[in-house]
Amino acid sequence: MVVTKKYDVVVIGAGHAGCEAALAASRMGLSTCLFTMNLDTIAQMSCNPAVGGLAKGHLVREIDSLGGEMAKVTDSAGIQFRMLNKSKGPAVWSLRAQADRVLYRLAMRQVLEGQDNLDIKQATVEEILAVGGKVRGVRTSLGVSYGAACVIVTTGTFLKGLMHVGQESFEAGRAGEFPSVGLSGCLSGLGLRLGRLKTGTPPRLDARTIDFSKTGTQWGDDPPIPFSHSTARIENPQLPCYITYTNRETHRIIQQNIGLSAMYSGRIRGIGPRYCPSIEDKVVRFFERDRHQVFLEPEGLRTKEYYANGISTSLPLEVQIALVRTIPGLEQAEIMRPAYAIEYDFVFPTQLTHSLETKIIGGLFLAGQINGTSGYEEAAAQGLVAGINAALKVRGLAPLVLGRHEAYVGVLIDDLVTRGTSEPYRMFTSRAEYRLLLRHDNADMRLMEKGREIGLLSEDVYRRFVEKKKKVEGEFGRLKNTRIKPNVINGALRDLGTSAVSEDIALEQLLKRPEVSYSLIREHAPAAAQLGEEIERQVEIQVKYEGYIARQVEMAGKLRKLEAKRIPEGLDYRSLPGISKEILSKLEEVRPANLGQAGRIQGMTPAALSLIMVAVEKMRKTS
């Protein structure tokens with residue numbers, strides 16, 4: 001092939017996964033090129049202009065702790081910030097931010113264009129060039145070839161994208177943009193097995209035609225809490241969201257026209273997201289409910305466009321208008337952009353290793369919705385890991401693989417490559433076995449050392465982290481070793497409705513009481529220097545949940561012992577007696593790297609795992 005230019009890493013697609021991948025590789029010193037079909041839609045928020053939420057907020061904090069960009073850009077574009085689940089335990093607290101769609105896109109593009117070692121090109125990549133099972137480069141639709149040691153594919157919903165509005169269908173990657181057709185065939189030709197998924201969006205409404213007096217108002221936190229550890233404060237004006245509900249008349253219109261929905265007329269083959277159903281799905285599956293919640297969310301500071309979160313649909317436009325106008329506050333609403341469903345190709349992710357490199361083509365990495373996930377955060381997390389590992393591969397170094405006990409990013413990737421998915425995968429706190437270890441507040445403590453080791457954290461960020469870590473550890477030690485007298489604290493304890501003490505008590509034991517918060521410690525036995533709310537909160541959580549945390553650390557240690565027992569690549573699973581055909585098929589598809597991963601394969605039984613352990617031990621003794 002005639003190569004125009006050679007790069008260490010080529011990234012295909014400039015969505016949330018592609019941006020993180022390109023920045024990671026280039027920041028690690030590798031020559032990188034980011035290809036996008038349209039420079040004007042880099043980091044486009046094609047669905048809801050929001051970042052974070054339940055478990056997803058954890059992913060964003062982890063991206064930031066490893067040296068990624070999503071959290072910083074969200075802080076610069078955020079127009080409402082809310083910490084969710086505050087009524088529950090700290091393990092499930094999650095930050096969510098409404099973002100200005102345009103500001104987010106422009107901020108990310110500015111970061112990309114200012115990055116050393118990174119070229120950005122508008123082109124459609126039609127072919128991945130591979131020789132002898134290894135990547136050699138890419139070829140665009142104009143016939144121009146570029147060499148690459150590693151290629152990262154982050155195509156989102158663009159692979160053979162097909163958009164549906166009622167009975168009308170259009171080839172599109174998203175509204176108003178062409179799909180990628182040739183690349184899908186290329187991936188299949190390279191030997192990768194592809195499937196079909198579906199997602200969708202709700203209509204966007206003109207705020208000038210909404211009667212907000214008939215809706216509930218939902219403001220964010222004051223002051224807003226930033227996502228990034230590097231952000232001192234949020235500068236943008238903060239806007240409210242609004243809440244309204246569908247009703248029986250809404251549901252009647254949907255049921256009357258259900259046959260016109262692309263989803264229910266058989267026009268869509270792809271499987272949709274179970275946890276983010278269309279309004280048709282909600283009405284059919286939850287027929288006993290009289291109403292469903294609708295959030296009206298601003299698209300930005302300088303637009304009148306509102307996102308009607310909760311009524312995603314593929315019904316015809318005239319039906320969309322009718323159902324929208326049955327909803328309180330939306331009786332006169334004008335639709336600025338119609339809702340639509342989109343189906344697209346994805347690659348079954350069990351064909352990847354934990355580094356997100358494909359098993360059959362060396363140097364070919366996949367990240368984002370191409371791996372069967374949904375959501376900006378899941379995509380960005382994969383993009384960051386793929387970018388890091390492509391850079392490490394070029395350097396001849398071992399990949400970064402995060403364990404399930406270390407990060408939600410680790411849970412996400414392990415779920416994909418071990419269990420696979422046949423529907424759009426969405427992160428939840430319930431997917432993590434070690435939720436108390438993977439809290440929103442301690443993402444930096446878990447991951448910043450790794451970010452530093454791979455070279456993605458600046459000196460300034462790392463220095464502040466080290467200072468914070470010292471303060472947390474110092475205060476934790478002070479609370480263990482400092483005692484307070486009964487006459488100093490009993491009055492406050494009585495006011496809180498908790499029992500008084502009869503002798504000196506350690507501050508740590510005092511703080512373990514459910515009724516006592518750190519503010520009482522600050523008032524009656526303050527630290528020598530002011531710690532700040534973030535450190536106080538982290539110390540309080542560690543103290544109150546110390547026993548539970550220790551238990552999860554012990555459980556994670558057992559998992560690590562299993563994962564230390566490697567499974568030789570040459571193990572012939574067919575030679576093992578008593579392995580069912582179903583488990584055998586999964587083992588040969590996943591080819592688990594260790595006994596821990598083997599145990600997490602869907603359908604794995606204790607008996608089958610024992611057979612594998614015996615076989616591994618025999619191979620170890622004979623080798």
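**Notes on backbone, packing and overall fold**

1. Let me start with a loop: Ala-43 is found between β2 (32-36) and β3 (50-52). This is a predicted model, so please read each point below with that in mind. The phi of Ala-43 is near 60°, which is a positive value in a residue other than glycine. With a relative accessibility of 0%, Ala-43 counts as buried, since the cut-off for that class is under 20%.

2. A second residue to look at is Asn-117, in the loop that runs between α4 (101-113) and β6 (118-122). Here too phi is positive in a residue other than glycine, with a value near 70°. Is Asn-117 buried or partly exposed? Its relative accessibility is 41%, so Asn-117 counts as partly exposed.

3. Please also have a look at the peptide bond from Asp-222 to Pro-223, which is cis, with omega near 0°. Pro-223 sits in the loop between β14 (216-218) and β15 (241-245). As background for these first points, most residues other than glycine have a negative phi, and most peptide bonds are trans.

4. Now to a helix pair. Helix α1 (residues 16-27) packs against helix α9 (residues 376-394) at an angle of about 30°, and their axes are 7 Å apart. Because angles under 35 degrees count as roughly parallel, α1 is roughly parallel to α9. The crossing of α1 past α9 is right-handed.

5. Which residues make this contact? From α1 come His-16, Ala-17, Glu-20, Ala-21, Ala-24 and Ala-25. On the α9 side the contributors are Tyr-376, Ala-379, Ala-380, Gly-383, Leu-384, Gly-387, Ile-388 and Ala-391. By class, the residues of this contact between α1 and α9 comprise 10 nonpolar, three polar and one charged.

6. Stepping back to the whole protein, there are 20 helices and 22 strands. The radius of gyration is 26 Å, close to the 25 Å given by the globule rule for 623 residues, so the protein is as compact as a globular protein of that length. The C-alpha trace spans about 80 × 75 × 55 Å along its principal axes.

7. Two last figures for the overall picture. Of the 623 residues, 57% count as buried. Taking contacts between residues at least 6 apart in sequence, 73% join residues at least 24 apart.

Definitions and conventions
Residues numbered from 1 in each chain as written. Predicted model: local features only at pLDDT ≥ 70, side-chain atom pairs only at ≥ 80, totals over all residues. Heavy atoms only, no water. Axes fitted to C-alpha atoms, helices over the stretch in contact; angles between N-to-C directions. Helix = DSSP H or I, 4+ residues; strand = E, 2+ residues; numbered from the N terminus. Parallel < 35°, antiparallel > 145°, perpendicular 65-115°, else oblique. Left-handed = near helix turned anticlockwise from the far one by under 90°. Contact = heavy atoms within 4.5 Å. Nonpolar A, V, L, I, M, F, W, Y, C, P; charged D, E, K, R; others polar. Rg over C-alpha atoms; globule rule 2.2 N^0.38 Å. Buried < 20%, exposed > 50% of the residue type's maximum accessible area, 1.4 Å probe, protein only.
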